[in-house]
Every structure is written in structure tokens, then in C-alpha cells.
Amino acid sequence: MELQLALDLVNIPQAIELVKEVEDHIDIVEIGTPVVINEGLHAVKAVKEAFPNLKVLADLKIMDAAGYEVMKAAEAGADIVTILGTAEDMSIKGAVEEAKKQGKKILVDMIAVKDLAGRAKEVDAMGVDYICVHTGYDLQAVGKNSFEDLQTIKGVVKNAKTAIAGGIKLDTLPEVIKVQPDLVIVGGGITGQADKKAAAAKMQQMINQG
Ligand SMILES: O=C([C@H](O)CO)[C@H](O)[C@H](O)COP(=O)(O)O
């Protein structure tokens, strides 16, 4: 199981400061969609240059022009790029093809997918690297989470790694670990804590024991 730190509400200097605090306790740094919207792929480049030993995920949530966007994220230094599960099959296949060419990985974000089991089987067959259940900020605000969804995809995904994102905190992490995803994605559960290093270290320890 790996731990990914999601950075959503920071600029580039703040992102670098934050990663410095927790770098010993995480495997992947996510440059979140709001950061990419504010700063562009420069944020991916800056973080990869500052932390060459960490994997960097560009959370582009691609919906179209997938091959081109994966290529640009790869050029900026991203190791993993996200595409939406609701995108056309052509787009997802294009993203996978470009990622393979560049030696990078594709994570499919299943946010807002209605037939989760059916679509997970389909995208799994397209050769994607990760399939991620995700409760976004807007549904977290009304008390939703993705814990049951993780069980659903664990039951049908045969090739890809499984991941979960959305509102995971120290007190809910044990429930997530029980289902054994390959990747746990945490944003506010670390960035919103007074002692970010301690929160990341505790999460890493729980994941390693899980
Ligand atoms: O992908 C995300 C969200 O859509 C905003 O871009 C977050 O990175 C993801 O939800 C993880 O963050 P937390 O929910 O704060 O753990």
C-alpha cells in the first residue's frame, strides 16, 4: 500500500514547503486539480525538480484530448496522470497509449461514475494502471465517502491497482486499510493538521502495518 499526499489549496512555494515537511512519510505527491488550474503544469515541474525521488501525480482529470494532455504532463515531469472514468473509451485508450510511450502511468478517477462495477471492469480491460474511487469535495460536504465503493471495485478489478480518495482522515483510515487498496490518497487529512509531519508519519505507520 502506498500513501499519496494531495495538494489542492496551495501555490507552488507553499506546495514545496509542505512536501519538505512530510517527504519522508509519503510515496507520491499529487498536484491537485485546483493547483493545476491556478499554476498550470509549472507546479508539476517545480515539485518534481524539488523532489526527484518522489513520484508526482498530475491530477488533470482529463476528459478529452487525452493523448496530448498526457504528453504535456509527462513533459512537465509527471509520473502518473489522471483521467476521468466518465471519459470516452477512445480518450482512455489514447491516454494509456501515450503514457506507455512516455513510460508513465494512468490513474482513472471514478468520480461521478454511476455504474461503478461495470465501468471499473471496462477501464480495467483498457490497460490503465490505477482505478480510484473518489468522493469529491462537493459530496464530502453532504457526508458521503467512498468506503463501500472501494469494496465494489476490489471485487471486479483484475489487473489495475486500486486506489481511494476523498476525505480520508486518521480516524477513518483503519476502515480503508481493512479493504486493502494499493494506494491511499489523503489531502486535508494531512494538510489540514497543525502537525502535518506527525499526521503523515502516523498514516504511513498504519499503512505499513496494515
Ligand atoms: O481530487 C481531489 C478533489 O477533487 C479536489 O481536486 C482531492 O485531491 C482529493 O479529494 C483528496 O483530497 P481530500 O479529500 O482533502 O483528502
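Which residues in α1 meet which residues in α3? Keep that in mind while you set up the view.

This is a predicted model, where local features need pLDDT of at least 70, side-chain atom pairs count only at pLDDT 80 or more, and totals for chains, interfaces and linings use all residues. Residues are numbered from 1 along each chain as its sequence is written.

**Stop 1: the barrel**

Switch to cartoon and pick out the strands. They form a closed barrel of eight, in the order β1-β2-β3-β4-β5-β6-β7-β8, with parallel pairing. On average, neighbouring strands of this sheet are turned by 25° against each other, direction ignored. Element names follow DSSP runs numbered from the N terminus: helices are H or I with at least four residues, strands are E with at least two. Two strands pair if DSSP finds at least two bridges between them.

Now select residues 2–7 and 183–186. These are β1 and β8, paired in the parallel sense over four bridges. Zoom in on Leu5 and you'll find Val186 of β8 opposite.

**Stop 2: a helix over two strands**

Next, select residues 66–76. This is α4, lying across β3 (55–62) and β4 (80–84) and running at about 155° to β3. Axes here are lines fitted to C-alpha atoms, for helices over the stretch in contact, and angles run from 0 to 180 degrees between N-to-C directions.

**Stop 3: α1 and its two partners**

Time to settle the opening question. Select 12–22 for α1 and 42–50 for α3: the two pack at an angle of about 30°, with their axes 10 Å apart. They are therefore roughly parallel to each other; that label covers angles under 35 degrees, while over 145 is roughly antiparallel, 65 to 115 roughly perpendicular and the rest oblique. The crossing is right-handed, meaning that the near helix is turned clockwise from the far one by less than a right angle. Show side chains for Ile12, Ala15, Ile16 and Val19 of α1, which meet His42, Ala43, Ala46, Val47 and Ala50 of α3. Contact means C-beta atoms, placed from the backbone, within 7 Å. By class, this one has eight nonpolar, one polar and no charged residues. (Ala, Val, Leu, Ile, Met, Phe, Trp, Tyr, Cys and Pro count as nonpolar, Asp, Glu, Lys and Arg as charged, and the others, Gly among them, as polar.)

**Stop 4: α6 against α8**

Move to 116–125 (α6) and 147–156 (α8), whose axes come within 9 Å and cross at roughly 45°. That makes α6 oblique to α8. Leu116, Ala117, Ala120 and Lys121 of α6 make the contact with Asp149, Thr152, Ile153 and Val156 of α8: five nonpolar, one polar and two charged.

**Stop 5: the ligand**

Finally, centre on the ligand. Of the 18 residues around it, Ala6, Thr33, Gly136, Gly187 and Gly188 come nearest, where being near means a C-beta atom, placed from the backbone, within 6 Å. The elements giving two or more residues to this shell are α2 (33–39), β8 and α10 (188–191). Colour the shell by class to see seven nonpolar, eight polar and three charged residues.
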